[in-house]
Amino acid sequence: MPEDGYRDEIKQKITETFYWLHQHPELSYEEYETTSRLKEALTAAKIKILDLPLATGLVAEVGQGEPVIALRADIDALPIAEQTELSYQSQQEGKMHACGHDFHAAAVLGAAWLLKKQEAELPGKVLLIFQPAEEAPGGAKKILATGVLAGVQAIFGLHTSPLFPVGEVGLMTGPVMAAVDQFNVEFQGRGAHAAHPERGSDTILMGATFVTSLQSIVSRNVSPLEAAVVTVTQFHGGNTWNVIPGKVQLEGTVRTQTPEARALIQQRLQEIAQGVAASFGGTAEVQYTAGPSVTYNDAQLYEFARQTARAAGLIERQAPASLGGEDFAYYLEKIPGMFSLIGTGVGPVNHNPKFIADPQALFPAADYMARLAQDALRQQVWRR
Ligand code: NI
């Protein structure tokens with residue numbers, strides 16, 4: 001990696017970009033200013049931006065020919081009102097980079113700068129993905145739809161982690177994040193007077209029974225050795241105290257680690273909704289929407305990332321598997337990859353209004369990502 005003077009210069013530029021991004025959070029598919037700022041920074045460094053049909057987000061490249069390695073950052077913020085005391089707080093009311101995607105963008109930009117410095121010696125090409133709308137989720141699909149990733153041998157992603165201090169990286173092989181599905185259920189019955197339930201069919205009772213029965217899927221149908229969770233997050237019905245409503249609506253999410261558990265839970269959820277409705281004299285309509293699948297770290301790339309982390313002077317920790325979701329999984333459906341958790345200081349969790357990613361972790365993250373790309377090309381790691 002480059003000499004000290006250049007490293008210091010990059011360190012400063014990454015930090016400045018990070019502060020700016022943090023002050024200017026933009027929600028999924030609205031990342032226009034963010035995209036312009038990143039384009040400016042890349043263009044100033046003479047890094048080529050690919051001409052792709054993307055409204056927000058971008059893909060840049062360093063090096064040429066084949067093979068091709070991709071580094072991915074997401075760039076969107078959340079509808080959360082910031083509650084930190086930072087000097088570079090959000091300037092957009094009700095919006096915040098509470099998941100650290102500002103950190104990801106700045107770190108991958110830093111990696112682009114570091115790789116540019118080494119461009120002549122790169123034995124192939126590195127694509128730098130600045131992806132919109134991870135939180136939507138599904139921005140990854142927009143990038144994939146451009147076809148720009150055809151022929152990519154391996155892809156690396158990163159995420160801020162408040163579980164680890166600066167200087168540490170959390171790595172694991174296998175399912176690091178869960179498959180994320182969403183469901184909506186509407187129970188229909190016959191509305192009635194609260195004093196005469198026998199003349200209707202009670203949708204509140206259907207909904208309540210459904211919520212309770214749903215929890216038997218994970219405890220009774222999924223193997224006790226497997227991780228899965230079903231959570232109901234919305235329950236709407238009724239508008240006054242003495243009327244049994246004719247319908248109730250529920251919404252929630254299912255998180256799984258294997259395709260088998262994913263299919264099983266979807267099926268059982270349907271059966272329970274229909275069964276509960278029928279047993280109370282009503283009907284149920286279920287909408288089940290599949291989101292990103294499991295974020296599955298490739299075993300070879302995991303071993304390679306461990307070596308690279310050591311070479312970059314990072315302390316390796318075992319990353320805990322999570323039933324959180326990540327649309328990086330869409331890339332992994334097509335390309336082997338590895339998702340690393342970068343220690344950004346122990347503190348409030350991602351999506352919390354007090355979440356902070358320590359800028360001290362920026363340069364180490366940029367250096368690590370650049371090394372992953374460069375060493376993957378040099379060692380042709382996907383061929384092992
Ligand atoms: Ni995130």
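User: Which protein donors hold the nickel ion, and how far from it do they lie?
Analyst: The donors are Cys99 (SG), His101 (NE2) and His159 (NE2), lying 2.2 to 2.3 Å from the nickel ion. Donors here are N, O and S atoms within 2.8 Å of the metal (3.2 Å for Na, K and Ca); water is not among the atoms, so sites may look incomplete. One caution: this is a predicted model, where local features need pLDDT of at least 70 and side-chain atom pairs count only at pLDDT 80 or more, while totals for chains, interfaces and linings use all residues. Residues are numbered from 1 along each chain as its sequence is written, and side-chain values use heavy atoms, with hydrogens and water left out.

User: What spacing do the donors follow along the chain?
Analyst: The pattern is C-x1-H-x57-H.

User: Are Cys99 and His101 buried or exposed?
Analyst: Both Cys99 and His101 are buried. Buried means under 20% relative accessible area, exposed over 50%, and partly exposed in between (1.4 Å probe, protein chains only).

User: And His159, what does it stand opposite?
Analyst: His159 stands opposite Leu341 in β16. Strands (E, at least two residues) and helices (H or I, at least four) are DSSP runs, numbered from the N terminus.

User: How do β5 and β16 pair?
Analyst: Strand β5 (residues 152-161) and β16 pair in the parallel sense over seven bridges. Two strands pair if DSSP finds at least two bridges between them. Strand β6 (residues 168-171) also pairs with β16, in the antiparallel sense over two bridges. There, Val169 stands opposite Ile342.

User: How many residues of β16 are buried?
Analyst: Seven of the seven residues in β16 (residues 337-343) are buried. Gly337, Phe339, Leu341 and Gly343 cover one side. Met338, Ser340 and Ile342 are on the other. In a regular strand the side chains alternate between the two faces of the sheet.

User: What is the strand order in the sheet with β16?
Analyst: The order is β1-β2-β4-β3-β5-β16-β6-β15. This is an open sheet of eight strands with mixed pairing.

User: Why is one side of β1 and of β15 left without a neighbour?
Analyst: β1 (48-49) and β15 (315-318) stand at the edges and have a single partner strand each, so one side of each has no neighbour in the sheet.

User: Which helix touches β1, β2 and β4?
Analyst: Helix α2 (residues 32-44) packs on the sheet there, touching β1, β2 (58-63) and β4 (125-131). The direction of α2 makes about 15 degrees with that of β2. Contact means heavy atoms within 4.5 Å. Axes are lines fitted to C-alpha atoms, for helices over the stretch in contact, and angles run from 0 to 180 degrees between N-to-C directions. Helix α3 (residues 101-117) lies across β2, β3, β4, β5 and β16, at about 150 degrees to β3.

User: New topic: where is Ile14, and what does it touch?
Analyst: Ile14 is in helix α1 (residues 4-23). Leaving out residues up to four places away in sequence, Ile14 touches Ala106, Ala107, Gly110, Trp113, Leu362, Phe363 and Ala366. The C-alpha atoms of Ile14 and Gly110 are separated by 5.8 Å, though the two are 96 residues apart along the chain. Ile14 counts as buried because its relative accessibility is 0%.

User: What about the sheet of four strands?
Analyst: That open sheet runs β10-β12-β8-β13, with antiparallel pairing. Its edge strands are β10 (228-237) and β13 (283-290), each pairing on one side only. Strand β8 (residues 179-188) and strand β12 (residues 247-256) share 10 bridges. Helix α5 (residues 203-221) lies across β8, β10 and β12.

User: What volume does the largest pocket have?
Analyst: The largest pocket has a volume of about 930 Å³. Of its 37 lining residues, the closest to the centre are Arg255, Gly324, Gly325, Glu326 and His351. Strand β12 gives the largest share of the lining, four residues.

User: How are a pocket and a cavity defined?
Analyst: On a 1 Å grid over the protein atoms alone, a cavity is a set of points where a 1.4 Å probe fits but cannot get out. A pocket is an open set with protein on both sides within 12 Å along at least five of seven lines, and lining residues have an atom within 4 Å of a point. Grid points are joined across faces, edges and corners, and a volume is the space filled by probe spheres set on the points.

User: How many cavities of 30 Å³ or more are there?
Analyst: The search of the whole structure finds one. The largest cavity has a volume of about 50 Å³. Its lining includes Phe18, His22, Gly100 and Asp102.
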